[in-house]
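Hi,

Here is the structure I promised to pass on.

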Amino acid sequence: MYTKQKIIVKKDEIPPMSMVEYYFPAQKPWERNPVLVVNYKGSFFAIEAFCSHGGLSLEEGFLTEDGRVVCPWHGSVFDVRTGRVVDGPAERDLRTYRVEVKGDEVIVYE
Ligand code: FES
């Protein structure tokens, strides 16, 4: 049976205006879902880590001043707060994950 997981990371692992890819724990390695945790001007957000266009990692992309994640591969743009596609070629919005900040920790729920 599959149960939802969470990850806990230290806030200082993700400096302001940066994005770090993590994996939720799972019994089997291929069941681990990747998540991109983003520190946007001191607020934390979590979205799918792989672009909905080509399935490639967004971690090497960049975060804009107005809160958009730009895919480094073909330039799709997503809103970091909602996961919505702002510009293609991607057509599907990214899934978002619930984030809680407690003290110096960031908790992301699958
Ligand atoms: S893989 Fe992201 S735009 Fe193509």
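What pattern does the chain follow, read along the sequence? The answer is β-β-β-β-β-β-β-β-β-β: ten strands and zero helices. The radius of gyration is 13 Å, close to the 13 Å that the globule rule gives for 110 residues, so the chain is as compact as a globular protein of that length. Do keep in mind that this is a predicted model.

On overall dimensions, the C-alpha trace spans about 35 × 30 × 20 Å along its principal axes. Of the 110 residues, 24% count as buried. If you take the contacts with a separation of 6 or more, 39% of them are between residues 24 or more positions apart.

Nonpolar side chains tend to be buried together in soluble globular proteins. Here the largest nonpolar core has 22 residues, and the members that touch the most others are Val 35, Leu 36, Val 37, Val 38, Ala 46, Ile 47 and Val 80. Strand 2 (18-23), strand 3 (34-40), strand 4 (43-48) and strand 10 (105-109) are the elements that each give two or more residues to this core. Strand 3 supplies the largest share, with five residues.

Leaving out residues up to four places away in sequence, Ile 47 touches Leu 36, Val 38, Phe 78, Val 80, Gly 83, Leu 94, Arg 95 and Thr 96.

Strand 5 runs antiparallel to strand 6 (residues 68-70), and two bridges join them. If you want to find that pairing on screen, look for Leu 63, whose bridge partner in strand 6 is Val 69.

Not counting residues up to four places away in sequence, Phe 24 touches Gln 5, Ile 7, Arg 32, Asn 33, Val 35 and Glu 110. Lys 4 is 20 residues from Phe 24 in sequence, and their C-alpha atoms are 8.8 Å apart in space.

Cheers

Technical notes
Residues numbered from 1 in each chain as written. Predicted model: local features only at pLDDT ≥ 70, side-chain atom pairs only at ≥ 80, totals over all residues. Helix = DSSP H or I, 4+ residues; strand = E, 2+ residues; numbered from the N terminus. Rg over C-alpha atoms; globule rule 2.2 N^0.38 Å. Buried ≥ 20, exposed ≤ 12 C-beta atoms within 10 Å, placed from the backbone. Contact = placed C-beta atoms within 7 Å. Core = buried A, V, L, I, M, F, W, Y, C linked by C-beta atoms within 7 Å. Pairing = 2+ DSSP bridges.
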